[in-house]
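Let's take a friendly walk through some side-chain contacts. Please have a look at the structure first.

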Amino acid sequence: MKAELKLLLPALRRFAYSLTGSMADADDLLQNTVLRLLDSPPATGIPLPQWAFKICRNLWIDDYRAQKVRQQAATKPELQQENYTDGEQDMLNDIQLSEVNTAMGTLPDEQREVLSLVAVQGLSYAEAATILAIPAGTIMSRLARARVAMVNALQQKGSLA
């Protein structure tokens, strides 16, 4: 199981980041997820990825208020380390990533989870439905609403032409 878990870590880390919006909080969530997985391995017949994503999501839900406070503290300008780059493209990429993160942060939790699993992690609708324990049709409708909301938010910011 440890070898399989090691291969799963990058995907779990991306999922944790999509839930928290902060790399520091995502790493904390990932660590708690791994600890929980090592303490409570999946029952026979349950695939490790499905079990891992479910544990990660449940830990995030359990710790939502604390995570939200940490996320708000981490995004305050006075706490950010300034990073100066000479490359215009690097600056534009940072701005676009920030706008996407901001737009994703405005989505309801259900839409953000689905968008992360399907669009970011590349899971199928069926896999996402299994992890979130909801019908695949619900995954599709939440994803459609999330995509429309993201496009609208980015158009308002002028990120999309």
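The report below goes through an aromatic pair and then the salt bridges.

This is a predicted model, in which local features need pLDDT of at least 70 and side-chain atom pairs count only at pLDDT 80 or more, while totals for chains, interfaces and linings use all residues. Residues are numbered from 1 along each chain as its sequence is written, and side-chain values use heavy atoms, with hydrogens and water left out.

**The aromatic pair**

The structure contains 1 aromatic pair. The ring centres of Phe15 and Phe53 are 5.2 Å apart and their planes stand at 80°, so this pair is edge-to-face. For such calls, rings of Phe, Tyr and Trp (its six-membered ring) pair if their centres lie within 6.5 Å; planes under 30 degrees apart count as stacked, over 60 as edge-to-face and the rest as tilted.

Phe15 belongs to helix 1 (residues 2–20) and Phe53 to helix 3 (residues 48–62), so the pair ties together parts that are 38 residues apart in sequence. Helices (H or I, at least four residues) are DSSP runs, numbered from the N terminus. Both Phe15 and Phe53 are buried, where buried means under 20% relative accessible area, exposed over 50% and partly exposed in between (1.4 Å probe, protein chains only).

**The salt bridges**

How many salt bridges are there by this rule: a side-chain nitrogen of Lys or Arg within 4 Å of a carboxyl oxygen of Asp or Glu? The count comes to 3 salt bridges, and here they are with their distances.

| Salt bridge | Closest N and O atoms |
|---|---|
| Asp27 and Arg13 | 2.6 Å apart |
| Arg57 and Glu113 | 3.1 Å apart |
| Asp109 and Arg112 | 2.7 Å apart |

Take Asp27 and Arg13, which form a salt bridge. This pair links distant parts of the chain, with Asp27 in helix 2 (residues 23–39) and Arg13 in helix 1, 14 residues apart. Asp27 is partly exposed at a relative accessible area of 30%, and Arg13 is partly exposed at 33% relative accessibility.

Next comes the salt bridge of Arg57 with Glu113. Arg57 sits in helix 3 and Glu113 in helix 6 (residues 109–120), so the pair ties together parts that are 56 residues apart in sequence. Both of these residues, Arg57 and Glu113, are buried.

Finally, Asp109 and Arg112 both lie in helix 6, 3 residues apart, about one turn of the helix. Is Arg112 buried or exposed? Arg112 is buried, with a relative accessible area of 9%, whereas Asp109 counts as partly exposed at 25% relative accessibility.

Key: Helix = DSSP H or I, 4+ residues; strand = E, 2+ residues; numbered from the N terminus.
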